Structure formats: structure tokens, C-alpha cells
Amino acid sequence: MAKRDYYEVLGVSKTASDDEIKRAYKKMAIKYHPDRNPGDKEAEEKFKEAAEAYDVLRDPQKRQRYDQFGPDAFGPGAGGFGGGQGMSMDDIFSMFGDIFGGGGFGGGGFGGGFGDFGGFGGRGGQHRKPVYKGQDLRMRIELDLNDIVNGVTKKFNLRTDIQCPHCKGSGSEDGQESTCGTCNGQGVVYKTRQTMLGIMQTQTVCDTCHGEGTVIKNKCKHCNGEGIVKGEKQVEVDLPAGLVEGYAYNFTGKGGAGRRNGVNGDLQILVHEKPHPELVRDGVDLVYNLLLTIPQAVLGTSLEVPTHDGKAKITIPSGTQPGTVLRLKNKGIPNINGYAGQRGDEIINISVYMPETLTKDERKAIETLAGSDNIKPSTSIKEKIFSHFRDYFKK
């Protein structure tokens, strides 16, 4: 079933600011939160739908692609939640808990901020330990035409946060944690105050355990209890065929390691196309500019032209006019937003070279032909040639 427009889901206009989008998502999340709608499957789906819309519209890169291509901007395997993968409840609580003041914690029903709305302490009222997300990374990759046409697997080393090898990411020297005495393992503390309307209770993240519910007494000396250290890791990514210049491609979980065995951040690949020496890209088509000599155009010939995967032999009919366009079907680039197997063509634009200088004999030979009726263009030929130029300038 086709997805609803993300702007429609959040009830904002396409020119909405980042703050407007964030406020709209917060309103939707509160309205359809599982703790407010226990057992309501429809509310749960709306809760997930709002989170998916927010995930795309909050990110300038994703939002730009969505505005340009709509849902087709995120092809299969594109990573992120705009790529058709869908969101689970754990994904939502992990990624967007901080929007309500939860400090980026996962699962805790959006952390302390929901306490102001009647005590949404967590999913089903149970405390969930925070899940920390690692650093998102971004890098630029240069691809040649062969990579773009066929797709490519790239391996490279990244300098980023990695799991502490000494404590295996736990942050503890001995692997032991104890229940926080301040919040009794709840990760939150409650404060009450007297108001004109009566006694009000609010919920905030525990300052002692920072919402975890446990504390580490014997912190790892190598990572100071963080569970991560600076290091290098090898990353492998599969880039699909048909990518374009400036395309930002997201890979979930390929970024830096999360604190205390949290989830990895994402890696965003920005594509740069290396120019081909002979072929020019035009969308999903490849363009080759072929320059013929006068004898080749007049008499016709057979010759080879370059393609993305080698060469192709073509036949030039006698009397070929400048501006003629030939087309090699399916010799272009796969359409990343199209159907499987859909690809462009190679377009051959033909020009005819006119010599700038002539020898005496060459000039005499051409002067001999000048009076021939076949040398003079007919009205129909003139119209045909001029139509090529009109079509070119329209394009």
C-alpha cells in the first residue's frame, strides 16, 4: 500500500520549519503513544507512521531527496527508515527519546518529558535501560562510470569510536553493575510541588545514574566507564547501480559505536562522479559526440564508438546530416528509482568536421563539385537540419 505523504502525516506544510516539524511530531507522539492507547493497534501504527515521517523530514538531506523524488527517493536497501524498512517501537524509543527531554535514551517512553503528561514512565510502565546511539559519520566517495553502471562494493577504514576491547563495551572493569540508590533502579525520580490546582508530580531523569537505573562502581580504566574508545574499524558497503552526483546514501549501523554496548551510528556516503573521458551523463542516458569527416558523412561508413563496457560497432548511412542522433538501446545507466532492469540509452550526437584550411588541389576538387545539383541542399533537407537545431535548443 502506498505511503501517505509525510507532511500530511505530521499535519504541516511543505515549507514548515524544523521547529514546526519537531513540535508537530511531539504532538502526534503524545497523542498516539502506546501508554495512552494500550492495546490499540491503529494508534500504534499512527505512532510508527509519525516517527517514520519525522525521521525523514528532520534530516535536511533526506528531506531534500523526499521533496524531489517522494517515496522513490529511498530505494530498497538505502538504509534509514525512509528506505522502506519500517520502524519498530524499540527503534523509535531509541532514536527519538531525547525529543521529550529523555537524554537520547531508548525505550523509556521518551524519558522524563512524558512525566508531565501523566507519568508515561516507560512501555507498559516498566523501566528500560537507555540505549545510546553512536556517532553518525559522513564521507565522500568518488565513483567512476563502471562503478555507477554496475554498482560496487567498497571497503575502507574509518577513524571513529569503537567498542572498548578491554571491557567489551560494558564500561566496567569487572562487568558488575549495582542498582542506583537514588532512583531504586527506575532511572527516574519524582518531584512533587504544591500549586493552586493541588499537588502536581513531575518525573525527571535521575542525575546519579543518568536514567540507566544502575551504576558502575569499578569503571574501566581504558574507557573511563564509557565503553567506547577512539580507534579504527573496517567498513564494507554495497553501493547500488545508478547513483548520481551529490546523492547521499545512508547505511544504518555503519557509524561509530554507541556507549555501553549501545547501537552504532549511521554512515552517510556522498557520491562524487569521476568524469568519463568520452561519455557524458545525461540523467540515465549516456551521450557520445561523434565527429565525422566530410567523406564519412557523404559516403557512409562503419566505425566503433565507446560504450560504458567497451565498444560498439555502428553503421553511418551515406548522406548523414550534422545533428543526426543515433541511439543504442539499454546502453545507458540503470534507473535507481525505476523498475528492476530499467535503464537508459547511449545517445550518439553526430557532427561533421569542416576543414579550416585547404590545399590547392583540395580547393580545386571542391570547386568542381560546387555547381552540382546534388551538392545544393533541397528545401526538405534544410528543414530537416534546422529541426535538429530547434530540438537541441528546446532541450
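A residue is called buried if its relative accessible area is under 20%, exposed if over 50%, and partly exposed in between, with a 1.4 Å probe and protein chains only. The model is predicted, so local features need pLDDT of at least 70 and side-chain atom pairs count only at pLDDT 80 or more, while totals for chains, interfaces and linings use all residues. Residues are numbered from 1 along each chain as its sequence is written, and side-chain values use heavy atoms, with hydrogens and water left out.

**Exercise 1. The chain as a whole**

Task: State how many helices and strands the chain has, and what percentage of its residues count as buried.

Solution. Step 1: Helices (H or I, at least four residues) and strands (E, at least two) are DSSP runs, numbered from the N terminus. By this rule the chain has nine helices and 15 strands. Step 2: Of its 395 residues, 42% count as buried. Step 3: Contact means heavy atoms within 4.5 Å. Among contacts between residues at least 6 apart in sequence, 63% join residues at least 24 apart.

**Exercise 2. A loop residue**

Task: Determine whether A16 is buried or exposed, and which residues it touches beyond four places in sequence.

Solution. Step 1: A16 belongs to the loop between α1 (6-10) and α2. Step 2: Its relative accessible area is 4%, so A16 is buried. Step 3: Residues up to four places away in sequence are not counted, and A16 then touches I21 and R63. Step 4: The C-alpha atoms of A16 and L57 lie 9.7 Å apart, although 41 residues separate the two in sequence.

**Exercise 3. Two helix pairs**

Task: Describe how α2 packs against α3, and how α3 crosses α4.

Solution. Step 1: Two packed helices are described by the angle between their axes and the distance between those axes. Axes are lines fitted to C-alpha atoms, for helices over the stretch in contact, and angles run from 0 to 180 degrees between N-to-C directions. Angles under 35 degrees count as roughly parallel, over 145 as roughly antiparallel, 65 to 115 as roughly perpendicular and the rest as oblique.

Step 1: Helix α2 (residues 18-32) and helix α3 (residues 41-57) pack at about 165 degrees, with axes 9 Å apart. That makes α2 roughly antiparallel to α3. The contact involves I21, K22, Y25, M28, A29 and Y32 of α2, together with A43, K46, F47, A50, A51, Y54 and L57 of α3.

Step 2: For classes, Ala, Val, Leu, Ile, Met, Phe, Trp, Tyr, Cys and Pro count as nonpolar, Asp, Glu, Lys and Arg as charged, and the others, Gly among them, as polar. The contact of α2 with α3 has 11 nonpolar, no polar and two charged residues.

Step 3: The axes of α3 and helix α4 (residues 60-69) come within 6 Å and cross at roughly 100 degrees. The two helices are therefore roughly perpendicular to each other. Here D55, V56 and L57 in α3 meet K62, R63 and Y66 in α4. This contact divides into three nonpolar, no polar and three charged residues.
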